[in-house]
Amino acid sequence: MKNLKLNNQNLTRFEGEVAIPKYNRDNVKAGIVHVGIGGFHRSHEALYTDQLLHNESIKDWGICGVALLDFDTKIYNALKEQDGLYTLVVKELDGSLTKRIIGSIVEVLYAPENPMKVIEKMASPEVKIISLTITEGGYNYDEATGEFNFENPLIKHDIEHKETPKTIFGYLTQALKLRKERGLKGCTIQSCDNIQGNGHMTEKMLLSYVKFAEPELVSWIEKNVSFPNAMVDRITPATSAVDISNLKETSGIDDAWPVVCEPFKQWVIEDDFIAGRPTWENVGAQFVENVEPYEKMKLQLLNAGHSVLGILGALMGYDTIDEAANNPSINAFLRAYMGREVAPILNNLKGVDLESYEVSLLQRFGNIYIKDQIDRICSESSAKFPIFILPTVNAQLKSNGNVEHAAFVTAAWAVYSLGKDEKGKALNIKDAMKSVLNEKAIASKVAPIEFLKIESIFGKLKDSKPFSEAFTCAYKDIVKNGVEKCILEINTNRVNFI
């Protein structure tokens with residue numbers, strides 16, 4: 001088949017090669033504005049919505065995708081030229097590929113190009129939900145204080161230049177202000193990020209900003225905007241040039257930015273939508289009264305597990321998560337971490353077989369066809385550690401429990417932050433706090449405890465004698481013996497809990 005550019009004009013020509021949208025996209029209105037149209041959104045919420053839209057009586061729940069940041073130009077241009085269409089490629093465990101073209105993104109906006117257009121769209125009466133995948137760091141949360149970070153230069157900009165904001169808080173505030181001034185109904189703001197209590201976090205951070213920037217808006221938001229918590233799950237690695245090339249060769253689809261992902265997906269949501277919602281439960285989402293137990297399980301097992309594999313694997317010179325997961329020593333270390341340190345603090349998981357979930361995670365991590373890049377998983381670790389790793393540490397310390405494995409991973413992160421793996425190869429570190437991490441990592445070569453003094457990440461953890469001693473011991477062992485020798489010794493000295 002000749003390669004054809006993916007767009008509305010060519011869409012029906014791909015039928016027979018891949019699954020395509022069977023509904024009339026011209027009849028679909030955008031009832032959802034989604035900020036952050038990267039891979040995860042397009043393998044998750046956009047897929048659920050696409051499946052739902054195949055019921056052609058549903059016409060009000062299309063998605064308007066917003067590229068928020070300056071460096072989102074590439075994804076915006078790709079989706080704009082393709083009329084919002086893209087190919088989702090599921091890499092099955094047996095190596096086969098399941099492909100479908102997703103049509104639920106019916107409009108695309110680039111915020112830096114026209115901020116007011118995005119604000120007006122968010123304020124539109126037809127928009128009932130504003131959903132977010134802005135990464136853990138996008139919530140502007142200070143771990144040391146637990147409060148909104150007003151020292152962020154972008155936040156200062158938004159306060160001074162309200163009609164040309166740069167952060168999600170500036171956009172949401174001005175959109176909600178327009179809704180209030182125009183006498184419109186409120187809407188739901190739905191986080192799809194990996195943060196425990198992501199709805200509560202979104203509400204707290206937004207109201208903190210609003211109280212300072214537009215204080216008269218606070219009471220209206222409290223009455224007219226809802227913030228449901230949700231747990232989201234699907235491993236979605238960065239799309240590679242090979243993925244794009246393979247799609248052309250096997251299906252004839254010239255797609256500038258397809259999405260690849262694992263077969264597993266999960267979405268657990270609290271049913272708190274003030275202006276109505278799609279019936280996502282009809283296509284596999286799960287609505288519950290309290291999402292917290294599911295969040296804790298996922299964040300502290302899957303997301304933390306990813307960080308464990310990423311940090312240890314990076315130091316040992318691996319490039320992809322499956323390589324690290326299939327190393328017997330790292331695999332055994334991760335199983336012990338999940339069994340000894342995480343599982344004991346998880347409770348209220350009714351109907352969940354925790355052991356089976358842990359085993360399934362190891363299988364998912366080890367999927368040799370996913371090839372999730374380690375530098376992607378390790379990116380922005382300064383925002384991830386307080387959410388994925390430290391809740392386990394704090395809970396274990398509170399009950400005088402075990403923190404050996406978490407302390408070891410934290411020590412490995414300190415060594416990782418020096419910028420080279422154990423073979424001397426430069427690491428591709430992507431982190432907003434990269435310079436601070438490197439500075440403290442260098443200081444830690446003399447006194448390891450220096451790394452724990454980054455309060456915005458670790459809070460007062462340096463004052464915990466059990467953790468600081470375990471961390472210091474692990475740091476010295478890693479520097480002296482290397483990661484693999486250390487974890488072999490840890491594995492030998494432990495009880496196998498799984």
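Two strands pair if DSSP finds at least two bridges between them. Helices (H or I, at least four residues) and strands (E, at least two) are DSSP runs, numbered from the N terminus. This is a predicted model, where local features need pLDDT of at least 70, side-chain atom pairs count only at pLDDT 80 or more, and totals for chains, interfaces and linings use all residues. Residues are numbered from 1 along each chain as its sequence is written, and side-chain values use heavy atoms, leaving out hydrogens and water.

**Stop one: the sheet.** Select residues 266-270, which are strand 15. Strand 15 pairs with strand 12 in the antiparallel sense, over 4 bridges. Find Val232: opposite stands Trp267 in strand 15. The open sheet has 3 strands, in the order 12-15-16, with mixed pairing. Strand 12 (230-233) and strand 16 (286-288) each have a single partner strand, so one side of each lacks a neighbour in the sheet.

**Stop two: the loop.** Select Pro228, between strand 11 (225-226) and strand 12. Is Pro228 buried or exposed? Pro228 is buried, with a relative accessible area of 1% (buried means under 20%, exposed over 50%, partly exposed in between, with a 1.4 Å probe and protein chains only). Leaving aside neighbours within four places in sequence, Pro228 is in contact (heavy atoms within 4.5 Å) with residues including Thr188, Asn198 and Phe273.

**Stop three: the helices.** Select helix 10 (residues 292-315) and helix 12 (residues 328-342). Residues of helix 10, among them Leu301, Ala304 and Leu312, meet residues of helix 12, including Phe333 and Tyr337.

Definitions and conventions: Axes fitted to C-alpha atoms, helices over the stretch in contact; angles between N-to-C directions.
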